[in-house]
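I opened my notebook to look up a few contacts between side chains. Come along and follow my entries.

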Amino acid sequence: MSQTPATSPPARALSPGPKSPAWWQLLRFAGDPLRLLDACHRRYGDAFTLNVAGNGLFVMLSDPEAVREVFRGDPEVLHSGEANTLFTATVGRHSVLVLDEAPHARQRRVLLPPLKGERMRAFFDAMRLETLEAVRAWPLDAPFPALPTMRRITLRVILRTALGLVPGPEMDRVEHKMEAFLSNGRQRYALVLMTIIPIHRLSGSRWVPLFRQLSDLDDELFALIAARRRGERPPSGENVLDDLLAATHEDSSLLDDQEVRDALITILIAGHDTTALALAWALADIVPRPEVVDRLADELRRVTGGGPPEAEHLPALEYLDGAIRESLRRSPVVPFVVRKTVRPFAVVGQKYPAGVVLCPCSYLVHRREDLYPEPDRFRPERFLERKFGPHEWFPFGGGNRVCLGMPFAFYEMKVLLATLLSQVRLARPAGAPVAGEALRPRPRAGRRGTVDRSGIHSLAFGLASDEP
């Protein structure tokens, strides 16, 4: 996100929006962003402007044609990295999140090979193993929360696949430091604090918990980088850290330690927390619907023969694929992505001046009646009936900034859900609220437990970007 321009564009050059003070819009946005988006969409239509104190003018776009034009826009005119400079203090100045134009393309080329879809098969065993370990640890006849459970699985998966760690003291230490750091960024009003405080000036300050914990995590990452450069091999197999250390830029130069660190921290943050949240939403969508659970169980039995899923089974799990896509449609983890105009840019006939942030809004596009009839219904079938364009379904962003980690995240969701649903049958307990606030597994393979939806609404909306 960017700071407010010194001279704001004239109101007549922008789409309409709330007239309330910028500080009040910031508080509303931080407190309940989805309610604010819904209210403004009802009142102002498919394009409206929010003036978010400390972050500038956000033009929310929910017309698919407008989204298409932004995603196809010249990356020298539309800057996503500049709109996310706030996050440089944590992800570093080499992160693809905060770069634009040639520097962005340069770092993206380096990160693409380790995150390509075909590489995911090398990570299948780690994903399935961590899921099975979690299922075995679920308590008998006692509730357990879905979101923390999914967070622990995805964090351990990313530590295995990104860093090459295996269960043991080292993984436990890095896991603890990673979770301590991330817990500070999940607070509902973190955006307000980061906007009010000149956060870049506090970077590295040991007395600020966020940066003290980040410094502790950095110590672990730089130690791992140094060990691998000395030739110490990881205890596990293929991993992203080794790929990054072997990668070269176009001039044949290796990445320096800071570049490797910035790439790793970006992957660790976005490859763990967002996937965990998406998985928790998927459980909340699937479990209260017996017809969906039954169809998924039938598909798994037919494809796997009743055993745990294997990597070769995944392409045939078409209904599960549709269920994941439908859940991401209903609850995209990042509800909009950002492009800051560095020069005037026209969208569906409306010319926007330099200095505004255009925001293709997946949350609103995904709820359009003309695209998704009965948008509030959970219908995985809609993704089996037709294919949606990249301007109609884009939970991972789009254009030249489409999420590099999309293949990894989607593959991981499919592996985890297929493995979990092959081991337990989840169902709503008697007396649970109609909205499905609590979910309880029924016995299957000797296991029972509860999935709790509470807390899922505490979304980390601050990462307003497509990447990684």
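**Entry: salt bridges**

I looked up the salt bridges and found that the structure holds 36 of them (a side-chain nitrogen of Lys or Arg within 4 Å of a carboxyl oxygen of Asp or Glu). I kept in mind that this is a predicted model, where local features need pLDDT of at least 70, side-chain atom pairs count only at pLDDT 80 or more, and totals for chains, interfaces and linings use all residues. Residues are numbered from 1 along each chain as its sequence is written, and side-chain values use heavy atoms, with hydrogens and water left out.

**Entry: E82 and K340**

I saw these two side chains, E82 and K340, meet in a salt bridge at 3.4 Å, N to O. E82 lies in the loop between β3 (78-79) and α4 (88-91) and K340 in strand β5 (residues 339-341), so the pair ties together parts 258 residues apart in sequence. Helices (H or I, at least four residues) and strands (E, at least two) are DSSP runs, numbered from the N terminus.

Buried means under 20% relative accessible area, exposed over 50%, and partly exposed in between (1.4 Å probe, protein chains only).

**Entry: E220 and K177**

I then found E220 and K177 joined by a salt bridge of 2.9 Å, N to O. E220 sits in helix α11 (residues 209-229) and K177 in helix α8 (residues 169-185), 43 residues apart. I noted E220 as buried at 9% and K177 as partly exposed at 22%.
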